[in-house]
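Here are my notes on the model you sent over. I have kept them to numbered points so that you can follow along in your viewer.

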Amino acid sequence: MIEHRNGILIAVALMVGVPAITLLATLHQMFGTGGDGPIRASAVQAPPAPAPAAKPAPQAPAAASPASPASPAAAAPAGATPAGAATPAAAAPVPGRSAQDFSASRPAWEGYLQGADPALGKQLAASGKPAAGVQACVACHGQAGITPTGGIFPNLAGLTPEYIAKQLADFRQGTRKQALMNTVAQGLSEQEIGQLAAYYGSLAGPPLHVGETGGEAARKLDQIGDGARALPACANCHGLRGLGEGPLLPRLAGQSKEYFADQINAFRNGSRQNDDVGVMRAFAQRLTDSEVEALGQYYAGPR
């Protein structure tokens, strides 16, 4: 019986003593001197203030003659730094965070649209800037932003000012490549890009005939996609029937089938790389040629 009682006491002592010793050791490491514990407010010391500049030893003033003018040093007010003397160094800023460290960055082209005048954009679209090698926009994009001949020239009417400004900025920087448009965008000022974007963004788009051609395959890609090939529905980004979704997701409805195919191929070969995180480049790689043609007809409608 005594041995049994002694065994119980030893077991209880071990159960209580070992955790207690561990806890005390941990507290000593955290709060003791030299430990790797949490930083306490009392341990954070402010940076020392810079030492003041040593003052020169006073000198006995020389006897001034009645005719001699007062010296500049004598005329200087008390506390002023003499000319040529070293200025005390300013205190080094304490490193830390500011509110601006957490501000979202904004693209430069947003500033192009601030105060942009559509009337000036209309004049620029009609006349161009011949001295800078910028031809009139109406030559390719039509008088009202609707290309009369179709082809690979897009309709600008119906697109948002934000989308047009971004595309012109991308042409200017080379992230979207097309020889003529790269030259045009580089000949425009930031203010002129904003004016053109404001003008074309104010125009109504072409008449809509979406879905009248292209067949069932195109309708399915537009509305449902193809999950087996990781192809999301086009409507997820461009709106149902390609009517546009948000300021930077362009309207596809009414664009010519030639322009649609030209842009899909540009995403495929990498000459256009201004899509968000490569979404369109990946999408274009998974489409077949027949699907590209069908989608182009679907969004363009009959001629």
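1. A word on terms to begin with: two residues are in contact if they have heavy atoms within 4.5 Å of each other. Helices are DSSP runs of H or I with at least four residues, and strands are runs of E with at least two, numbered from the N terminus. This is a predicted model, in which local features need pLDDT of at least 70 and side-chain atom pairs count only at pLDDT 80 or more, while totals for chains, interfaces and linings use all residues. Residues are numbered from 1 along each chain as its sequence is written, and side-chain values use heavy atoms, with hydrogens and water left out.

2. On confidence, pLDDT (the predictor's confidence in each residue, from 0 to 100) averages 82 over the protein chain, and 74% of the residues score at least 70. Please look with care at residues 61–76, where pLDDT stays under 50 and the model has zero contacts beyond four places in sequence.

3. Helix 11 (residues 257–269) packs on helix 13 (residues 289–300) at about 140 degrees, the axes being 8 Å apart. Axes are lines fitted to C-alpha atoms, for helices over the stretch in contact, and angles between N-to-C directions run from 0 to 180 degrees. The two helices are therefore oblique to each other (under 35 degrees is roughly parallel, over 145 roughly antiparallel, 65 to 115 roughly perpendicular, and the rest oblique). Lys257, Phe260, Ala261, Ile264 and Arg268 of helix 11 touch helix 13 at Asp289, Val292, Leu295, Gly296, Gln297, Tyr299 and Ala300.

4. Helix 11 also meets helix 12 (residues 279–286), with axes that come within 8 Å and cross at roughly 105 degrees, so helix 11 is roughly perpendicular to helix 12. Ile264, Phe267 and Arg268 supply the helix 11 side of this contact, and Met280, Arg281, Ala284 and Gln285 the helix 12 side.

5. Which residues join helix 4 to helix 8? The helices (residues 118–127 and 190–200) pack at about 95 degrees, their axes 7 Å apart. From helix 4 come Pro118, Leu120, Gly121, Lys122, Leu124 and Ala125, and from helix 8 come Glu192, Gln195, Leu196, Ala198, Tyr199 and Tyr200.

6. Counting a salt bridge as a side-chain nitrogen of Lys or Arg within 4 Å of a carboxyl oxygen of Asp or Glu, the total is nine. One of them joins Arg172 and Glu190, at 3.9 Å from N to O. Arg172 belongs to helix 6 (residues 161–173) and Glu190 to helix 8, so this pair ties together parts 18 residues apart in sequence.
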